[in-house]
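Please keep the sequence and the structure in view while reading.

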Amino acid sequence: LRQFAEATASSLADPAVEVMQAFGGVANPQAGWRPALLEAALAVFHHLRPAGSNRLGGSASLKGNGVVLRTALLKRTGWPAFSIVEDVEFGILLARAGVTVHYNPEAVVLSEMAAGGGQAAPQRDRWEGGRFSLLRRYGWSLLGAWCRRPSRPVFDALVDLLLPPLSVLVLALLALLLPAWFGAPWLFRTLLVAQAALWLYVVMGMLLREVSPRAWLALLAAPGYMLWKLPLYLGMLLSRGGKPWHRTVRQHELAATPTWPTAA
């Protein structure tokens, strides 16, 4: 907590910083291959991507946990986001208002992640489905705002919404490899380079964030995890309405659930 407070104070010492995003990591990578694999993923999405965006003069996106807002900003904007992924939505609204989100890797917030499929499925459905609904709701308006007055926060928010999940990109490239092998050798080589670049992207994030050995070992489970997510994405694409919010039950809560004796 002290380290988080000191890192926050360091960021807010700059009067230009109105919003700070901390690094959101995994508190329980030892709980199974899912949390360990998520530790690897968050090294990319919660560290490498926002750090690179800030370094290039752009804006980080809000990640829910570890968001610090100046009081003056909240008095000016309130909290206008009410979707099931309100952090992402508020980040979009901040981008349209020209506010840059600054990422501080020294501020760290660790959260317990779902270890079982029953816990992970509704959580992943909410995350990805919520982002897809925001793309339908804000995509054209963000593009119009950027065309009228180009700005880095708006560009970053639009790209963040347009980029499909990494697992979808990997599976799409793999699906194209076989027809490219028979029909277009030059395309096959291009796809191989693109596939290698995606994995290098993941490895660089893991190296920079110095993830645990469990996260490296969990990469072996990545192909199965990507196949497990396919039905979730298909359901998301076919769904016409928004998903209701359901709180994810944590592993420590399951362990603490009392078991009552049954009548003989």
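In what order do the three strands of the open sheet stand? The order is 2-1-3, and the pairing within this open sheet is mixed. The model is predicted: local features need pLDDT of at least 70, side-chain atom pairs count only at pLDDT 80 or more, and totals for chains, interfaces and linings use all residues. Residues are numbered from 1 along each chain as its sequence is written, and side-chain values use heavy atoms, with hydrogens and water left out.

**The sheet**

- Helices (H or I, at least four residues) and strands (E, at least two) are DSSP runs, numbered from the N terminus.
- Strand 2 (67-69) and strand 3 (101-111) stand at the edges with a single partner strand each, so one side of each has no neighbour in the sheet.
- On average, neighbouring strands of this sheet are turned by 25° against each other, direction ignored.
- Two strands pair if DSSP finds at least two bridges between them.
- Strand 1 (residues 19-26) pairs with strand 2 in the antiparallel sense over three bridges, and Val19 has Leu69 in strand 2 as its bridge partner.
- Strand 1 pairs with strand 3 in the parallel sense over eight bridges, and Val26 has Ser111 in strand 3 as its bridge partner.
- In a regular strand, side chains alternate between the two faces of the sheet.
- Strand 1 is largely enclosed by the rest of the structure, because eight of its eight residues are buried; buried means under 20% relative accessible area, exposed over 50%, and partly exposed in between (1.4 Å probe, protein chains only).

**Helices and their packing**

- Helix 1 (residues 2-12) lies across strand 1, strand 2 and strand 3, and runs at about 170° to strand 3.
- Axes are lines fitted to C-alpha atoms, for helices over the stretch in contact, and angles run from 0 to 180 degrees between N-to-C directions.
- Two packed helices are described by the angle between their axes and the distance between the axes.
- Helix 2 packs with helix 8 (residues 185-209) at an angle of about 80°, their axes being 8 Å apart.
- This angle makes helix 2 roughly perpendicular to helix 8; angles under 35 degrees count as roughly parallel, over 145 as roughly antiparallel, 65 to 115 as roughly perpendicular and the rest as oblique.
- The contact (heavy atoms within 4.5 Å) includes Ala40, Ala43 and Val44 of helix 2, and Tyr201, Val202 and Met204 of helix 8.
- The residues of the contact of helix 2 with helix 8 divide into ten nonpolar, two polar and two charged; Ala, Val, Leu, Ile, Met, Phe, Trp, Tyr, Cys and Pro count as nonpolar, Asp, Glu, Lys and Arg as charged, and the others, Gly among them, as polar.
- Helix 4 is largely enclosed by the rest of the structure, because nine of its eleven residues are buried.
- Among the buried residues of helix 4 are Asp87, Val88, Phe90 and Ile92.
- Gly98, with a positive phi near 80°, follows helix 4.

**Salt bridges**

- A search of the whole structure finds six salt bridges, where a salt bridge is a side-chain nitrogen of Lys or Arg within 4 Å of a carboxyl oxygen of Asp or Glu.
- Asp160 forms a salt bridge with Arg49, with the closest N and O atoms 3.2 Å apart.
- This pair links distant parts of the chain, since Asp160 is in helix 6 (residues 152-162) and Arg49 in helix 2 (residues 33-55), 111 residues apart.
- Asp160 is buried, with a relative accessible area of 12%, while Arg49 is partly exposed at 24%.
- Asp160 also forms a salt bridge with Arg131, with the closest N and O atoms 3.0 Å apart.
- Asp160 lies in helix 6 and Arg131 in helix 5, so this pair ties together parts that are 29 residues apart in sequence.
- Arg131 is partly exposed, with a relative accessible area of 24%.
- Arg137 forms a salt bridge with Glu89, with the closest N and O atoms 3.2 Å apart.
- Arg137 in helix 5 (residues 117-148) and Glu89 in helix 4 (residues 86-96) are 48 residues apart.
- Arg137 is exposed, with a relative accessible area of 55%, whereas Glu89 is buried, with 1%.
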